[in-house]
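Dear colleague,

I am handing over the structure that we spoke about, and below it I have set out what was found. Please read the notes with the structure open beside them.

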Amino acid sequence: MMRKSILYIVLCCLSVSTIFAQSKPGWVNVFKSINEEVDKNSWAYVNLKDATEKIGHRLTGSENGAKAEQYAYDLLKSYHLEVKFQPFEAESWSRGELTVKINDSAYKAVSLAHSPVKAAITAALIDCGNGLEEDYIKAADKIKGKIVLIPIGLLPGSAQGLRNLHRSEKTALATKYGAAGIIFFNAAPGGILLTGTASVTGKLITIPAVCISNEDGMQLKEQLNQSPASAYIKMSNFSGRVKARNVVATLKGKKLPNEKIVIGGHLDSWDLASGAIDNGIGSFAILDIARTFAALKLQPERTIEFVMFMGEEEGLLGSKAYIEQASKDGSYKNIRYMLNLDMSNDPKGYHATSEEDKVLFQSIGEIAQSIDTSFKNTFSSGMGLHSDHQPFMLRGIPTGGVNGHLSREVLNCYHADCDAFDLVNESELKNTVRFSAMLLYGLADAAQIKAKHIPDNMLKQKLIDSNLKEPLQIAGEWRWGM
């Protein structure tokens with residue numbers, strides 16, 4: 001028994017020493033200074049409150065969007081960082097008027113982004129299950145020319161392990177199978193209305209797409225089991241080329257200035273509310289991380305870019321523009337990691353595209369945990385879509401971030417008319433700032449980063465293994481053929 005105990009202690013010591021092997025002696029003091037600075041002087045909560053009150057929503061291409069860009073620029077400039085706008089043009093969209101009737105009864109609804117500028121259709125309403133391809137295949141002869149009813153999420157009782165699709169991918173399938181329109185219903189209860197883009201390309205779709213409440217949607221499903229129904233959708237929206245600007249602040253590295261760690265999050269939001277959670281808590285955390293680095297005069301070995309992306313909600317427009325420019329001038333080769341904070345909150349661990357830097361990430365996390373035991377130093381790896389890391393990931397660049405959590409009450413307001421500042425928790429926002437800042441510093445200052453850019457042939461297989469081929473094909477972003 002004693003031999004087993006000694007062996008266990010030895011193994012634990014070896015494990016800890018392996019984890020700490022990639023940390024540097026000075027990191028403990030740096031992380032402690034980060035922790036103290038954020039705890040005493042963080043402005044993330046105050047600045048986010050100020051921005052939501054003075055600006056409101058931050059829709060890309062709108063007057064409010066331009067105000068938000070300038071707000072972020074001015075904050076970063078006040079920290080004496082090198083700051084620039086990265087302008088881009090894109091097709092943008094904003095909602096106009098909407099009427100939705102089913103069997104002549106009016107329904108409360110919102111248009112989904114990139115729906116047509118003008119539409120007025122009447123057609124039979126068809127229940128199309130979860131709105132996945134298998135559902136369309138089963139009902140293929142009934143779909144053409146009809147309006148389909150499908151959930152944003154997966155229906156209660158769906159098969160265990162069934163993969164959902166993004167609303168834009170579900171809309172693309174509805175179009176592929178000839179639907180005349182699509183009515184989504186929200187997964188969140190309480191009459192909450194959800195918006196978001198229904199386009200996989202960021203361009204106008206050909207059929208109207210709207211969202212109604214969870215309660216109305218489930219009631220309609222029951223109704224359709226008893227008798228047929230007819231739906232009427234009339235809408236007017238705006239679409240056109242708009243100008244927007246990413247905001248980029250640079251902190252030069254002292255030994256490896258040509259190697260970059262990019263930390264970014266989207267500054268824009270939808271227009272139904274102020275977007276305090278999506279993505280105020282992510283973007284304003286990054287702004288405060290920049291403030292923290294400046295206040296402490298931190299200068300790690302690698303260059304850091306703090307990036308506020310615009311246009312994420314309408315198709316990752318800003319991050320795509322960033323990567324397009326970086327591909328043209330070749331600077332994408334210098335990016336060692338892209339860290340993305342999108343609705344990131346109260347982190348308990350870190351994540352990355354792959355396991356290659358697990359030891360490095362956990363060596364950083366081990367120090368963070370020694371400072372505050374609420375940080376659990378969990379690690380996860382894997383690939384996902386639909387946020388600003390995606391264009392970087394599809395270029396083979398390693399990506400990562402923090403593992404956090406939001407309460408169900410807050411998540412119910414995702415993309416909804418209740419995403420307001422009163423949902424923001426100040427202490428949890430501070431946690432995002434300090435633990436993300438530690439990860440950022442550790443990556444930027446690490447003696448070695450094992451993860452390299454993934455060659456195209458290997459990237460293809462990794463995406464297939466991550467079950468991302470189908471959604472990328474639907475989005476038209478699968479570049480490897482069949």
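**Confidence in the model**

The protein averages a pLDDT of 95, and 96% of the residues score at least 70, where pLDDT is the predictor's confidence in each residue, on a scale from 0 to 100. This is a predicted model, in which local features need pLDDT of at least 70 and side-chain atom pairs count only at pLDDT 80 or more, while totals for chains, interfaces and linings use all residues. Residues are numbered from 1 along each chain as its sequence is written, and side-chain values use heavy atoms, with hydrogens and water left out.

**Strands around β12**

Strand β12 (residues 349–352) pairs with strand β13 (residues 378–381) in the parallel sense over four bridges, and two strands are said to pair if DSSP finds at least two bridges between them. In this pairing Ala352 stands opposite Ser381 in β13. Together with helix α11 (residues 358–371), strands β12 and β13 make a right-handed β-α-β unit; right-handed here means that, with the strands pointing away from the viewer, the path from the first strand over the helix to the second runs clockwise. β12 also pairs with strand β14 (residues 399–403), in the antiparallel sense and over four bridges, with His351 opposite Gly401 in β14.

**Nonpolar cores**

In soluble globular proteins, nonpolar side chains tend to be buried together. The largest nonpolar core here has 77 residues, and those with the most contacts inside it are Phe293, Phe306 and Tyr350. Such a core is a set of buried Ala, Val, Leu, Ile, Met, Phe, Trp, Tyr and Cys residues joined through side-chain atoms within 4.5 Å, and buried means under 20% relative accessible area, against over 50% for exposed and in between for partly exposed (1.4 Å probe, protein chains only). Setting aside residues up to four places away in sequence, Phe306 touches residues including Val247, Ile263, Ile286, Phe293 and Leu440. A second, separate core of 28 residues includes Tyr136, Ala174, Ala209 and Ala475.

The side chain of Thr60 reaches the backbone nitrogen of Gly311 at 2.9 Å. The C-alpha atoms of Thr60 and Leu267 are separated by 9.0 Å, although the two residues are 207 residues apart along the chain.

Phe284, found in helix α9 (residues 276–295), is buried, with a relative accessible area of 2%. Beyond its neighbours within four places in sequence, Phe284 is in contact with Ala44, Asn47, Leu48, Ala51, Tyr71 and Leu267.

Arg302 lies in strand β10 and, at 2% relative accessibility, counts as buried. Its side chain is joined to that of Glu259 by a polar contact of 2.8 Å, a term for a pair of N or O atoms within 3.5 Å of which, within protein, one must be able to donate a hydrogen and the other to accept it, residues adjacent in sequence counting only if both atoms are side-chain atoms. The side chain of Arg302 also reaches the backbone oxygen of Ala446 at 2.7 Å.

With best wishes

Definitions and conventions
Helix = DSSP H or I, 4+ residues; strand = E, 2+ residues; numbered from the N terminus. Contact = heavy atoms within 4.5 Å.
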